[in-house]
Amino acid sequence: MIPTDYHVPVLSHTVLNYLMTDMNGLYVDATAGGGGHITALLSAISSKGRVIAVDRDAEAVANVKARFPDAIEKKQLLVYREAFSRLESLINEFLPVTGLLLDLGVSSNQLDSGERGFSHQKSASLDMRMDQNSQTTAKEIVNEFGEDELVHLIRSYGEEPRARTISRSIIANRPINTTVNLAQIIRQAVPNQFESKAVARTFQAIRIAVNQELDELAQILKSSPNIVKEGGRIVVISYHSLEDRMVKRMLRDGVFQGDAQRDIYGNRLVPWKPLTRRPVTPSNLEITENRRSRSARLRAAVRCSISK
């Protein structure tokens with residue numbers, strides 16, 4: 001691991017093993033966060049190599065710029081504030097790149113910054129926006145969505161079986177203004193043995209909705225074959241089954257639903273060849289050192305040619 005004050009990167013050595021194919025190449029960290037993976041990439045490339053860092057969180061971008069002034073001055077590191085769904089158009093002049101990294105989920109800094117409203121363990125206003133310029137906040141969803149909307153959101157994005165009961169409890173206790181208040185209401189709605197998971201799943205569901213995370217992921221995965229050059233690599237670290245299923249299907253079949261496209265001879269027309277038959281998970285040592293890494297699942301693939 002390459003710890004930072006801002007965020008502890010997950011599976012950093014594994015990321016390098018799968019992503020790095022050319023020391024002189026151009027690599028994109030589309031979820032820059034605290035810059036831990038950027039540190040690893042910069043240490044692995046030559047003086048001719050470059051790294052592009054992208055994040056939609058203004059705090060993350062500011063942190064990266066503050067951490068790597070020398071690399072930025074040498075133009076070995078380019079930093080942009082933008083959602084990764086727009087990556088293809090953002091870095092169009094540099095395409096195609098050698099490798100693309102997506103470390104999904106919430107950074108340690110976002111969780112530890114109580115005022116951001118990501119954690120149910122710290123009292124804060126219900127915000128949960130990764131991009132502070134976004135319009136929708138968790139507070140609006142919690143206090144304005146109807147029962148069926150909340151049920152769909154919590155069931156679909158949180159995979160929480162008690163979504164109906166939790167939704168009714170939320171509506172009955174409005175207005176809800178803080179993270180701690182919301183967590184208490186969720187706990188009161190479910191049996192004691194299910195409290196922790198119900199809170200975590202509901203907060204996850206609301207966060208995903210606020211940030212449109214699955215839509216963002218779908219867009220970057222669809223555009224990834226246009227971003228990475230033939231023979232280049234993609235590495236994706238996901239933290240829950242919804243993300244991991246999307247990544248698995250796209251890297252295996254080139255689509256999210258149904259079978260892969262085929263030519264007239266029945267050959268699969270897929271842009272990626274998986275390098276990981278099963279997702280790579282952190283070691284027991286890494287989980288001990290960084291508890292938040294325990295749900296990480298890494299998948300990698302190589303960009304292949306598609307003959308039609």
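Modeller: Rings of Phe, Tyr and Trp count as a pair if their centres lie within 6.5 Å. Keep that cut-off in mind, and remember that this is a predicted model.

Colleague: Fine. How many aromatic pairs does that rule give here?

Modeller: The general idea is that a pair of aromatic rings is described by the distance of the centres and the angle of the planes. In this model the count comes to 0 aromatic pairs.

Colleague: Then what lies over the face of F194?

Modeller: R162 does, at 3.6 Å from the ring centre. R162 also forms a salt bridge with E160, where the closest N and O atoms are 3.8 Å apart.

Colleague: Are those two residues buried or exposed, or something in between?

Modeller: R162 has a relative accessible area of 24%, so it is partly exposed. E160 is at 2%, so that one is buried. The cut-off at work is that buried means under 20%.

Colleague: Let's stay with salt bridges. How many are there in the whole structure?

Modeller: A search of the whole structure turns up 18. Take R164 and E147 as a case: their closest N and O atoms are 2.8 Å apart. R164 belongs to helix α9 (residues 163-172) and E147 to helix α8 (residues 147-158), so this pair ties together parts that are 17 residues apart in sequence. On accessibility, R164 is partly exposed at 29%, and E147 is partly exposed as well, at 27%.

Colleague: Now the nonpolar side. Which residues touch the most other members of the largest core?

Modeller: In general, nonpolar side chains tend to be buried together in soluble globular proteins. Here the largest nonpolar core has 31 residues, and V28, I52, L87 and I220 touch the most other members. The elements giving two or more residues to this core are β1 (26-29), β2 (50-55), β4 (97-103), α12 (213-227), β5 (228-238) and α13 (241-253). The largest share, 6 residues, comes from α12.

Colleague: If I click on V28, what does it touch?

Modeller: Leaving out residues up to four places away in sequence, V28 touches I52, L87, I91, V97, G99, L100 and L101.

Colleague: And the strands? How many residues of β7 are buried?

Modeller: Strand β7 (residues 297-303) is mostly covered, with 6 of its 7 residues buried. To read its pairing, look at the bridges and the sense. β5 and β7 pair in the antiparallel sense over 6 bridges, and R297 in β7 is the bridge partner of S238. Strand β6 (residues 272-274) also runs antiparallel to β7, joined to that strand by 3 bridges. There, W272 has R303 in β7 as its bridge partner.

Key: Residues are numbered from 1 along each chain as its sequence is written. This is a predicted model: local features need pLDDT of at least 70, side-chain atom pairs count only at pLDDT 80 or more; totals for chains, interfaces and linings use all residues. Side-chain values use heavy atoms; hydrogens and water are left out. Rings of Phe, Tyr and Trp (its six-membered ring) pair if their centres lie within 6.5 Å; planes under 30 degrees apart count as stacked, over 60 as edge-to-face and the rest as tilted. A charge sits over a ring if NZ of Lys or CZ of Arg is within 6 Å of the ring centre and within 35 degrees of the ring normal. A nonpolar core is a set of buried Ala, Val, Leu, Ile, Met, Phe, Trp, Tyr and Cys residues joined through side-chain atoms within 4.5 Å. Buried means under 20% relative accessible area, exposed over 50%, partly exposed in between (1.4 Å probe, protein chains only). Helices (H or I, at least four residues) and strands (E, at least two) are DSSP runs, numbered from the N terminus. Contact means heavy atoms within 4.5 Å. Two strands pair if DSSP finds at least two bridges between them. A salt bridge is a side-chain nitrogen of Lys or Arg within 4 Å of a carboxyl oxygen of Asp or Glu.
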